[in-house]
Amino acid sequence: RCGFVAIVGRPNVGKSTLMNHLIGQKISITSKKAQTTRHKVNGIYTDNEAQLVFVDTPGFQTYHRNALNDRLNQNVTEAVAGVDVIVFVVEALRFSDADREVLQQLPKRIPVVLVINKVDKAKAKDQSVMQAFIKEVQQEFTFASIILVSAKHGLGVAQLVRTLKPML
Ligand code: GDP
Ligand code: MG
């Protein structure tokens, strides 16, 4: 199996960190500062079953409309067109209108896997909040799968790969 996977989400949710873990190489720039990733970067994951070509994207900019942000959004739209699966990344306990806006801009015909990242930040007491959040987004959007991940620690990344393979 072989296919293209776009990693999409608002700035700073951990897209580049996730891709680095997925392909096991530091090729995408990660930073605390938003907009470090200005261009899509492709990374390739290969094993004896499948080849996944990842497209890292600059975060969708939804707060400020200006020429640079319009261009960044255009880059995301172009990167997403034609992929087999979209991995939509959000930050645990921080689902916002910015996330919703990104979701709304995704092409409806491409399956979306929801990745809830930074679960290492969620404490035991936050689990019910997380479940409520998952229920809430599922009422608004349809996901092929929902996976909890800590990109920073590599938690859940193997499960994400297992989920993506049959979707290609
Ligand atoms: P991007 O803008 O979506 O590409 O986000 P980055 O990958 O550049 O990450 C933004 C910040 O979040 C960086 O400081 C990362 O170290 C941090 N980060 C990413 N994933 C995780 C995670 O799973 N847990 C925690 N605690 N921090 C993370
Ligand atoms: Mg990035």
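I take helices and strands as DSSP runs, numbered from the N terminus. The model is a predicted one.

**Backbone angles.** Most residues other than glycine have a negative phi. Asparagine 12 has a phi near 75°. I placed asparagine 12 in the loop between β1 (2–8) and α1 (15–23). I counted 19 other C-beta atoms within 10 Å of asparagine 12. A residue needs 20 or more to be buried, so asparagine 12 is partly exposed.

Leucine 93 also turned up, with a positive phi of about 70°. I found leucine 93 in the loop between β4 (85–91) and α3 (97–105). Leucine 93 has 15 C-beta neighbours inside 10 Å and counts as partly exposed.

**Core.** Which residues touch the most other members of the largest nonpolar core? I got Val5, Ala6, Ile7, Val87 and Phe88, out of 34 residues. I then checked which elements supply at least two residues each: β1, α1, β3 (51–56), α2 (67–80), β4, α3, β5 (112–117) and α5 (157–164). β4 gives the most, with six residues.

I followed up phenylalanine 88. Leaving out residues up to four places away in sequence, phenylalanine 88 touches Val8, Gly9, Leu103, Val112, Val113, Leu114 and Val115.

**Helix α4.** Is α4 largely buried or in the open? Of its 14 residues, the number buried is zero, so α4 lies largely in the open. I also checked its length. At 1.5 Å a residue, α4 (residues 127–140) should span 20 Å. Its end C-alpha atoms are 21 Å apart, which agrees.

Technical notes: Residues are numbered from 1 along each chain as its sequence is written. Chains are lettered from A and ligands numbered from 1 in the order in which they are written. This is a predicted model: local features need pLDDT of at least 70, side-chain atom pairs count only at pLDDT 80 or more; totals for chains, interfaces and linings use all residues. Helices (H or I, at least four residues) and strands (E, at least two) are DSSP runs, numbered from the N terminus. The expected span of a helix is 1.5 Å times one less than its number of residues. A residue is buried if 20 or more other C-beta atoms lie within 10 Å of its own, exposed if 12 or fewer, and partly exposed in between; C-beta atoms are placed from the backbone. A nonpolar core is a set of buried Ala, Val, Leu, Ile, Met, Phe, Trp, Tyr and Cys residues joined through C-beta atoms within 7 Å. Two residues are in contact if their C-beta atoms, placed from the backbone, lie within 7 Å.
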